Amino acid sequence: MEQYSGKLAHWLAFYLCKGIGVKTLIALSQKHELSELFALTNAQLQNLGLTQSQANNLTNTDWHQVEHYQTLIKQQQLTVICYFDDCYPPLLKHIASAPLLLFCLGNVALLSSPQIAIVGSRNATPTGSEIAAEFAHQLSLLGMTITSGMALGIDGAAHKGALAGSGNTIAVLGTGLDITYPKRHKLLTKHVAERGLLVSEFLPGTAANATNFPRRNRIISGLSLGVLIVEAQIKSGSLVTVRYALEQNKEVFAVPGSIKNPLSEASHFLIKQGAKLVENVSDILDEVSFFCENSLYNIEQHIADELDCPVFKSIGFEVTSVDVITQRSQLPIDEVQARLLDLELADKVERVLDGYIRLGGHKYV
């Protein structure tokens with residue numbers, strides 16, 4: 001299968017290599033041709049800056065596993081876009097922990113189109129679903145691509161609203177592209193693949209897992225110029241998307257609702273924090289800059305990148321449970337869980353059966 005640049009086998013091998021992420025590959029690319037790294041010895045790889053563990057993993061690449069995924073990609077007619085490809089979406093490239101690979105099915109040109117993310121509750125009210133679909137439809141008529149996560153409720157309504165006319169939509173999945181989740185969206189998933197784009201950072205065959213969806217959410221916000229919340233509760237996955245949007249210096253918009261509706265909690269909270277209250281699409285277009293030059297927010301540096309991150313300092317080289325990390329760091333449990341995800345995406349910690357362990361000695365993380 002022809003790729004935009006490089007060899008698919010090499011990118012899959014890097015993807016599968018534990019401990020080597022985008023930042024490591026960027027540093028290595030400044031010293032050596034990436035495609036030639038597989039021919040180097042363990043000692044030569046360490047001389048380039050890899051740890052012994054990283055070098056061992058790379059020299060022991062399972063090429064049978066790589067071939068297996070190559071076959072699946074070809075059979076499913078997927079396009080694989082690598083971080084180092086020219087067609088990699090520019091907004092996504094600049095987020096923390098950008099995915100190395102994007103597995104795509106549909107119109108890949110949409111990745112570089114101006115996008116607005118619409119997210120919200122899986123248990124949306126009929127009114128909420130109607131509002132999401134209407135915003136999606138109107139924004140798509142104005143040339144915006146609607147990006148969401150294919151979940152039940154608001155996500156599904158947003159995709160349907162965009163497809164109601166001749167609009168474009170992108171669904172970022174928390175599974176492999178060959179896995180339909182939720183099952184009720186089988187037909188909708190098919191329509192998005194045909195008229196829009198399905199995207200995932202997960203290999204074919206990857207089943208739905210609770211830990212996959214926060215990772216998906218950073219891509220939804222990363223691709224978009226702004227995020228619109230229609231209905232959501234305070235403790236929901238939609239707020240994870242908003243947090244990533246803020247850290248990525250993106251606009252956040254919120255549709256207000258009844259004070260008696262618990263699904264209005266998140267929107268009202270965000271509006272109090274500075275998100276823009278929106279009643280129509282012009283409220284969004286007034287704020288969105290296609291060059292991302294304007295922002296309502298001043299974002300502090302990502303805490304996971306700080307050397308004194310209390311969550312990171314609370315994790316040892318032995319297995320450390322989330323309860324112990326929370327106790328040591330003296331932070332709220334929701335913040336601890338969010339930072340653990342950030343640290344995991346940055347290859348600074350690894351999630352194991354009973355908790356987390358610190359990954360030591362990484363020079364390029």
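## A walk through the sheet and its helices

Start by selecting K276, which sits in strand 9 (strands here are DSSP runs of E with at least two residues, helices runs of H or I with at least four, numbered from the N terminus). K276 is buried, with a relative accessible area of 19%; buried means under 20% relative accessible area, exposed over 50%, and partly exposed in between, with a 1.4 Å probe and protein chains only.

A word on the model before moving on. It is predicted: local features need pLDDT of at least 70 and side-chain atom pairs count only at pLDDT 80 or more, while totals for chains, interfaces and linings use all residues. Residues are numbered from 1 along each chain as its sequence is written, and side-chain values use heavy atoms, leaving out hydrogens and water.

An open, mixed sheet is formed by 9 strands in the order 1-2-6-5-4-3-7-8-9; two strands pair if DSSP finds at least two bridges between them. Strand 1 (79–82) and strand 9 (276–277) are at the edges with a single partner strand each, so one side of each has no neighbour in the sheet.

Now select strand 3 (residues 115–119) and strand 4 (residues 145–148), a parallel pair with 3 bridges. Here I116 has I146 of strand 4 as its bridge partner. From strand 4, step across to strand 5, which runs parallel to strand 4 and is joined to it by 3 bridges; look for S148, whose bridge partner in strand 5 is A171. Which way do the side chains of strand 5 point? T169 and A171 point one way, I170 and V172 the other, and all are buried.

Strand 8 pairs with strand 7 in the parallel sense over 4 bridges, and L228 stands opposite F253.

Select helix 7 (residues 126–141). Helix 7 packs on the sheet, in contact (heavy atoms within 4.5 Å) with strand 3, strand 4 and strand 7 (226–229). Its direction makes about 175 degrees with that of strand 3; axes are lines fitted to C-alpha atoms, for helices over the stretch in contact, and angles between N-to-C directions run from 0 to 180 degrees.

Bring in helix 8. The axes of helices 7 and 8 come within 7 Å and cross at roughly 35 degrees. To see the contact, display G128, S129, A132, A133, A136, H137 and S140 of helix 7 with I154, A157, A158, G161 and A162 of helix 8.

**Helix 9**

Move on to helix 9 (residues 186–195), where L188, T189 and V192 are buried. Viewed down the axis, these buried residues fall within an arc of 100 degrees, so they line one face of the helix; the arc is that of the directions from the helix axis to the C-beta atoms. What do they pack against? Their neighbours are helix 8 (154–163), strand 5 (169–172) and strand 6 (197–200). Turn to the other side, and K186, L187 and E194 are exposed.

**Helix 4**

Finish at helix 4 (residues 52–59), with Q54, A55 and L58 buried. They cover an arc of only 95 degrees around the axis, which puts them on the same side of helix 4. The buried residues of helix 4 pack against helix 1, helix 2 (22–29) and helix 3 (42–47).
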